[in-house]
Each structure stands twice: as C-alpha cells, then as structure tokens.
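Take a look at the chain below. We will start with its contacts and then turn to two residues.

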Amino acid sequence: MGKWPAVDVTQAGDPDLTLAIVDDFAPTAIEHRDSNVRLFFPTASARDAACAALSAARYRAEPVDVDDEDWARRSQEN
C-alpha cells in the first residue's frame, strides 16, 4: 500500500491564501477539515518544501504520510 505525501495546516484561515503559498510546489488535492486543511503533493520533496514555505509564513504546518486507500475513501466521501 502506498502513501501520499501531505501537509496538515492547523487554523489555515483563508484556503485560497494557503493554496497561493504552496502553489509553486504543485499541490494535487486539498481536503477541508473545519478551520484546518490537508494538502496533498506529488512527492515528499514537494511536500517538505511546501511545509517549509508555510512555516516561514507563520502557519502551523506538519508533514504527514497518508495511506493510499484512506485518501481514496475520504475523497469519495466529500
């Protein structure tokens, strides 16, 4: 089973602004979670660079690896 590189952003505020910060790192999906978001990336290195950019912009961002099947199930629910 594969893993999807993602970033959990706590209290993301405006999702459009959050996406603007990480746009250069080619996010592949966003999952809204109340005031938080989970952003998915094609590679771990893109995820890590996006996480660093978010942290530099004073966002609380944590890199995570999401099980492939779990992501597919959740994306179908939303």
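Start with the contacts between residues at least 6 apart in sequence. Of these, 66% join residues at least 24 apart. Keep in mind that this is a predicted model.

Now trace the elements. The chain has three helices and four strands. Along the sequence they run β-α-β-β-α-β-α.

Next comes the surface. The chain exposes about 4,800 Å². Carbon and sulfur atoms supply 47% of that area. How much of the chain is buried? Of its 78 residues, 31% are buried.

Turn to L19. This residue sits in helix α1, which covers residues 15–22. L19 has a relative accessibility of 27%. Buried means under 20% and exposed means over 50%, so L19 counts as partly exposed. Which residues does L19 touch beyond its neighbours within four places in sequence? Its contacts there are P27, I30 and L39. Look at I30 in particular. L19 and I30 are 11 residues apart in sequence. In space, their C-alpha atoms are 8.7 Å apart.

Move on to D48. Its place is in helix α2, residues 44–56. D48 and E62 are separated by 14 residues in sequence. From C-alpha to C-alpha, D48 and E62 are 9.2 Å apart in space.

Notes: Residues are numbered from 1 along each chain as its sequence is written. This is a predicted model: local features need pLDDT of at least 70, side-chain atom pairs count only at pLDDT 80 or more; totals for chains, interfaces and linings use all residues. Side-chain values use heavy atoms; hydrogens and water are left out. Helices (H or I, at least four residues) and strands (E, at least two) are DSSP runs, numbered from the N terminus. Buried means under 20% relative accessible area, exposed over 50%, partly exposed in between (1.4 Å probe, protein chains only). Contact means heavy atoms within 4.5 Å. Accessible areas come from the Shrake-Rupley method with a 1.4 Å probe; for residues, only the protein chains shown count as cover.
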